[in-house]
Structure formats: C-alpha cells, structure tokens
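Work through the exercises below with the model in view, trying each task before reading its solution.

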Amino acid sequence: MRTTADGLTRQLRSAGYHIHTFSVSSTGDYAVADADWNYKDVPHLNVVHTKVRCAVGTMDDELITTLAMQKVFGIELPIVIVNFVSSDTSQTYYTTLGPFALVVYTEYFELEPNKTKVVTTYNIAGGKIFKLLFPLLQRVLTGNYKTLMSEDLPMRDRRGELRARGFDYKTDGKPRTFPDTVDVNFLNLVVPPRTSTNTETVKMDALGADGERVLVGESDDRGLCLVRQGDDVLLLPRFCNHEGAKLDCASLKNGRLSCPWHGKLVAPLGKLAATEGSSWESGAYSARIQDGEVVVGFPGER
Ligand SMILES: [Fe+2]
C-alpha cells in the first residue's frame with residue numbers, strides 16, 4: 001500500500017495539525033522522461049548536489065528511503081526522507097523537520113514532446129503554536145528548491161539539447177525505477193547513425209601547456225577534446241554515453257575524466273605521441289600530426 005500526499009495530509013489534519021500548502025514550478029526544453037530520470041537518479045545525489053549528502057537506507061523499484069544530511073541556515077540536519085512513486089508521472093516525499101511534518105508531491109506534465117512542466121507542491125504541517133513559523137519555513141523550502149533546481153535543471157536541459165540533436169535513450173518509453181539508475185556502466189544514450197566524417201586541424205602550439213584543452217567539433221560524438229600530457233596528446237570524448245553529460249569541463253585526473261553527473265571515470269579514446277608523423281585511429285575517430293598540426297577526424301552529420 002502507498003498513501004497519497006492528499007491522504008497523508010488529511011491524516012495529519014485529523015490529528016490536529018494545521019497545514020500550509022504552496023507550489024513551485026519550472027518549465028524547460030526536455031522530455032518528461034528526463035524529469036522522471038532526474039527525480040529517480042540515485043548516483044547524482046552526492047555528486048551534483050552541494051547542500052545535501054545522502055545515505056540510502058532502503059530502495060526498491062518504486063520506493064527509496066534516505067538519511068539526508070541537509071544544510072539549513074548553514075547547519076547540517078540529518079533527516080529521514082521517504083520517497084515513493086505515485087504514478088508514471090509523479091512522486092511523493094515525506095519527512096519531518098523539528099516540530100514540522102512535510103509532505104511533498106511532484107508531478108511532471110508534457111507540454112510538447114521536448115518541453116515539460118514540473119510542479120512541486122509542499123504541505124507544511126505543524127501544531128497551532130508553530131503556525132507563525134509557516135512563512136519562514138516556506139522561505140527556507142523555496143530557497144532549497146532553487147538551489148536544487150540550479151543543480152538539476154542543467155542536467156535535464158542537456159538531455160533536452162541532445163534529444164533536439166537526434167539522440168535518444170534506451171530507457172525511453174517506460175518509467176525509470178530507482179535501482180535501474182544505480183549502474184553507471186549502463187550506456188543509456190543512443191547516438192544517431194553517422195555516415196560522414198569531419199576533419200579539423202589544431203596547431204601543435206595550441207597544445208603547448210600540459211593539461212590545456214582544445215575542443216574540436218560538437219559537444220557530443222561529433223567532436224573530441226585534445227589534451228597535451230607530457231610527450232603524448234590524449235584524445236578525450238566530449239560526452240558521457242551513460243546518461244549524456246557534457247565532459248568539456250570534467251576534471252581530468254590520472255588521464256581520466258570524472259563525469260560531473262555521477263563521478264564515473266571516463267578513459268580517453270586514445271592517445272598519440274606528440275611528434276611529427278605519429279598517428280592514431282579508432283573507429284570513426286582519427287588523429288595524425290603533420291606539418292606541426294594535429295589533423296583530427298571525427299563523425300559528422302548523418
Ligand atoms: Fe537532483
């Protein structure tokens with residue numbers, strides 16, 4: 001049995017609690033599936049979000065409980081959050097914060113195929129003497145929502161951008177479950193077929209300093225990132241084919257990129273010696289050094 005946000009609020013009201021309800025919403029150019037994934041994605045919680053750390057207590061397909069160490073007014077408060085799926089397009093959360101109970105309901109609506117509105121309704125429940133604090137708590141929760149969205153919306157927007165460029169996801173067409181988000185080695189992004197090749201040249205001088213990045217092409221499979229490392233030039237992907245993150249600003253440690261969404265370590269596609277005449281090739285990608293320039297080949301439009 002799963003209750004509903006309304007059912008839980010009703011029970012609190014009949015227990016003598018006062019309820020204060022307010023809603024916040026956001027609209028963006030991404031699919032309902034991207035919002036659904038973002039709200040269920042477990043591994044991004046401790047990588048993307050800065051004001052909360054989560055320890056997962058229990059998880060099944062439609063329910064997850066976490067111990068969230070949430071910062072409120074700069075102080076870290078551990079709270080238990082119960083979060084469950086209410087329908088294919090909605091989730092319910094409940095938790096407590098001191099003398100208050102919170103019941104939160106999030107629902108996503110498709111406005112157009114790649115345009116989604118998400119409405120989150122907060123119900124603050126408290127005894128009569130705490131009613132005066134409801135507006136203050138609303139401010140804290142609204143501020144927390146804005147922080148969460150400033151970190152989550154770029155993930156959804158990026159997926160919306162990829163969809164607009166013809167990419168799909170293997171999981172499209174069915175709602176995600178909490179456990180199916182956990183395996184960061186699952187390659188969910190479906191790259192559209194490519195039949196042509198593009199070429200760009202990069203002067204070796206541009207790769208002068210160790211660790212300096214030079215980008216060619218687009219920030220997806222139709223591009224590469226070149227980095228000088230000692231006597232070599234590393235050829236790095238510009239996207240993560242797990243869930244589609246852009247890797248252009250990902251930190252590079254020990255020759256591997258750390259995906260900004262899930263911390264997944266992404267290896268270079270290859271490397272070539274930084275000397276005249278050296279070359280490298282892997283599938284549709286290639287690089288060779290000729291006349292002081294790196295000639296880079298990568299997939300083009302279909
Ligand atoms: Fe998130």
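**Exercise 1.** How many residues does the largest nonpolar core have, and which of them have the most contacts inside it?

*Solution.* Begin with the basis: this is a predicted model, in which local features need pLDDT of at least 70 and side-chain atom pairs count only at pLDDT 80 or more, while totals for chains, interfaces and linings use all residues. Residues are numbered from 1 along each chain as its sequence is written, and side-chain values use heavy atoms, with hydrogens and water left out. A nonpolar core is a set of buried (under 20% relative accessible area, 1.4 Å probe, protein chains only) Ala, Val, Leu, Ile, Met, Phe, Trp, Tyr and Cys residues joined through side-chain atoms within 4.5 Å. The largest such core has 26 residues, and Tyr122, Ile124, Leu137 and Leu141 have the most contacts inside it.

**Exercise 2.** Which residues is Leu141 in contact with, leaving aside its neighbours within four places in sequence?

*Solution.* Taking contact as heavy atoms within 4.5 Å, the partners of Leu141 are Phe22, Leu102, Tyr122 and Ile124. A second, separate core has 18 residues, including Met204 and Ile289.

**Exercise 3.** Is His262 buried or exposed?

*Solution.* His262 has a relative accessible area of 8%, and is therefore buried. Among the residues that His262 touches, not counting those up to four places away in sequence, are Trp37, Asp41, His44 and His242. With Asp41, the side chain of His262 also makes a polar contact of 2.8 Å (a pair of N or O atoms within 3.5 Å, where within protein one must be able to donate a hydrogen and the other to accept it, and residues adjacent in sequence count only if both atoms are side-chain atoms).

Terms used. Buried < 20%, exposed > 50% of the residue type's maximum accessible area, 1.4 Å probe, protein only.
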